[in-house]
Amino acid sequence: MKAALARISNLVRKEFTHFTRDRLLTPFILFGPVAELIMIGIATSGDIDHLPTAIVIQDRGERGALFAQMVDASPVFKVDDQITDGDNARKLLQDGRLTAVFTIPEGFSEDLVDPLTARIAPVGLLLDGADIFAAEAAKYGAEEVVDDFSTAVSMDWMHEAGVALTAIEEPTIEVLYNKDLKKSFYELPAEMGIMLYFVAAGVASLGIARERERGTWEQLLVTPMRPLEIIIGKALPAIPIAYAVFLMMLAVSLGGFGLPMRGSWPLLLFVVLLYILVELSVGVLISSFSRSQIQAFLLVATLMMVEFIFSGYIFAVDTMPSLIQTLSNFIPMKHGLNMVRSILLRGVGLDAVGPSILMLAALGSGVIAVATLIVRRRLD
Amino acid sequence: MRNPNAIVVRGLTKQFDSFTAVDEISFEIKTGEIFGFLGPNGAGKTTTMRMLLGLVKPTAGTATVLGFDVRRDVRLLRARLGYMSQRFTLYQDLTVDENLTFYGRAYGLEKERLLARKAAIVQMAGLLGRERTLTRDLAGGWKQRLALGCAIIHEPDLLFLDEPTAGVDPVSRRAFWDLLYGLSAGGTTVFVTTHYMDEAEHCHRLAFIQNGRIVALGSPSQVKQTVMRGQVLEIECDSPDRALQILREEKGFDEVALYGANIHVVAEDVSGRIAEIEQTLVKEGISVRSAAVVAPSLEDVFISTVRTGQID
């Protein structure tokens, strides 16, 4: 046992020497994820607003002017008042230079003069659906403007009729955990999950694949080291490396982007360690059937897409067919991502993340068992 | 006390699906011997070595290495074996000293013994003063000697070398063989595969392997005597490349090949045809300076054996 530990630590030491000598991969692994996180954080922290907008006014009345004014006043839209022609505006929308085009039709004001003769006044809105996020923001912005406009018109009518109106009831909306619905609060923990997969699975699989590619693997096998010792020694360094990357990403998220930490620190640090261990064993599994580094890297990248899609990061798993929902429980990233997000934002405790912890532990043991089996068999 | 035989192989066979890589080979290697394993690419040299190292399980037959059965006890063996593969499997981004330290510790060497062995290897390989050089910055000959050093840092009883001198200059090859003689004199058994015929001449004993079978076995001179069919005629003449073409069109020769600047013609009764051959060449305007029957080199034997094997 003591001899085995000495052999493993000898290998671990060698791995760290490689790591400090690699001028290409090491900076990429250590600082790539943090750089990516900063970019994602910057890109998602602002609201989507000041969308380039045109208003085509065919109406000459007061109400039309009021509506245009209200669009102009909304922070969502940035109205270019040079564009007044409908065909031109449509052309610019196609070119991607406008996101939204409002059309206030002729007779708009007249339709809204008197409540007794009022008709539904159709305001036209063209949106660039190719840019879905901008289009969605514009749609919500437009609905808000229409609401405000309707209220203003109604108030006007009542005022003319001599009815005194104090206030219109609005629903009270309270968003828990992410008060301002900041996208970055959603994205940052998810990004950490993906990056940790990359670092843990990448370091473990590339390290083993490199020995195979260079022929040193056999040289290791003919020493008194057992195959399992070699794999442990090769994979262990991925843990502190991935953990260092996690701490850097966490520091940037909390300090730089104001991500809250509402849960228990020991719990967070533990679940991340567990998640890293599982993704690392996935890397070992990948390396067990890769002959070269490029093969291992491509497999890591392919599997990342699979984990990513079923993790619920972009595509809500709840809307997928029930079979896929069941399968998604076997995706480590889904658990890693949910746990990190829940502990950070919702401040949940062990009771809430317990099932995910058990699932990850089971997945990790299963993957390690399969990887060991494959390595053993390949020796024959 | 010592086993007289370092390796005993009986009917060793390895099949990959329907392909038989090694076909019922048998041989013994005496302790302290340098044993050469020769054969063309794909003949089964490396597979045989991998079976003896316990990296590949034999399909049939037995192999006893240092008294241990490779099928069962290979793990007990490992600490007493050294292995240097074709590609000098050193870590290029580690220094000379780091490579030696890593392999030394992998074999369980510690403290004083590790230091003493590292010093001895550095001395032996002529790497004094280069301990802190990155391995990738070493020239080929040094890399090769360092790889040998890593393979013998634990003073193995048996050393396996898989084409150890491929891609190394002749001076370094010579120096490398001197190291092997030293090891052999110290009692280490050496099992070496090679393509180089001049190297094979340096071995105590040889086995020729072809299509998975041993076709010749013995000392270099025994192999030459028993295996070689026919005599070798060495011809020294002008424009040997043209002479080669002319003689290749003639019938009745087993082999016509360039040998340095000369031509070697192999045939059963070649001594009786010297006059005829000279005439043929002179008729084509090639002046022949000398033509005499010589002792076959291992290269002649090798090529003759391989050709015969292909015909069988």
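This is a predicted model: local features need pLDDT of at least 70, side-chain atom pairs count only at pLDDT 80 or more; totals for chains, interfaces and linings use all residues.
Colleague: Why is helix 2 of chain A called roughly antiparallel to helix 7 of chain A?
Modeller: The axes of helix 2 (residues 25–45) and helix 7 (residues 183–214) of chain A cross at roughly 165 degrees, coming within 9 Å. Angles over 145 degrees count as roughly antiparallel, so helix 2 of chain A is roughly antiparallel to helix 7 of chain A. The crossing of these two helices of chain A is right-handed.

Colleague: Which residues make that contact between helix 2 and helix 7 of chain A?
Modeller: Helix 2 of chain A contributes Ile29(A), Pro33(A), Glu36(A), Leu37(A), Ile40(A), Gly41(A), Thr44(A) and Ser45(A). From helix 7 of chain A come Lys183(A), Ser184(A), Glu187(A), Leu188(A), Glu191(A), Met195(A), Phe198(A), Val199(A), Gly202(A) and Val203(A). By class, the residues of this contact are nine nonpolar, five polar and four charged.

Colleague: What makes helix 3 of chain A oblique to helix 6 of chain A?
Modeller: The axes of helix 3 and helix 6 (residues 132–161) of chain A come within 10 Å and cross at roughly 140 degrees. The range of 65 to 115 degrees counts as roughly perpendicular, and roughly antiparallel needs an angle over 145. The crossing at roughly 140 degrees therefore makes helix 3 of chain A oblique to helix 6 of chain A. The two helices of chain A cross in a right-handed sense.

Colleague: Why is helix 11 of chain A called roughly antiparallel to helix 14 of chain A?
Modeller: Helix 11 (residues 265–288) and helix 14 (residues 332–346) of chain A have axes that come within 10 Å and cross at roughly 165 degrees. That angle is over 145, so helix 11 of chain A is roughly antiparallel to helix 14 of chain A. The crossing is left-handed. Among the contact residues are Leu267(A), Leu268(A), Val271(A) and Val272(A) of helix 11 of chain A, with Met339(A), Val340(A) and Ile343(A) of helix 14 of chain A. The classes come to 11 nonpolar, one polar and one charged.

Colleague: Why does Gly61(A) count as partly exposed?
Modeller: Gly61(A) has 17 C-beta neighbours inside 10 Å. A buried residue needs 20 or more, and an exposed one has 12 or fewer, so Gly61(A) counts as partly exposed. Gly61(A) sits in the loop between strand 1 (51–57) and helix 3 (62–73) of chain A. Leaving out residues up to four places away in sequence, Gly61(A) touches Phe108(A), Ser109(A) and Glu110(A). Phe77(A) is 16 residues from Gly61(A) in sequence and 22 Å from it in space, C-alpha to C-alpha.

Colleague: How do you know that Ala6(B) is buried?
Modeller: Ala6(B) has 24 other C-beta atoms within 10 Å. The cut-off for a buried residue is 20 or more, so Ala6(B) is buried. Ala6(B) lies in strand 1 (residues 5–16) of chain B. Not counting residues up to four places away in sequence, Ala6(B) touches Ile29(B), Lys30(B), Thr31(B), Leu66(B), Leu158(B) and Thr189(B).

Colleague: What share of the residues of chain B count as buried?
Modeller: Of its 312 residues, 43% count as buried. Chain B has 11 helices and 14 strands.

Methods. Residues are numbered from 1 along each chain as its sequence is written. Chains are lettered from A and ligands numbered from 1 in the order in which they are written. Axes are lines fitted to C-alpha atoms, for helices over the stretch in contact, and angles run from 0 to 180 degrees between N-to-C directions. Helices (H or I, at least four residues) and strands (E, at least two) are DSSP runs, numbered from the N terminus. Angles under 35 degrees count as roughly parallel, over 145 as roughly antiparallel, 65 to 115 as roughly perpendicular and the rest as oblique. A crossing is left-handed if the near helix is turned anticlockwise from the far one by less than a right angle, and right-handed if clockwise. Two residues are in contact if their C-beta atoms, placed from the backbone, lie within 7 Å. Ala, Val, Leu, Ile, Met, Phe, Trp, Tyr, Cys and Pro count as nonpolar, Asp, Glu, Lys and Arg as charged, and the others, Gly among them, as polar.
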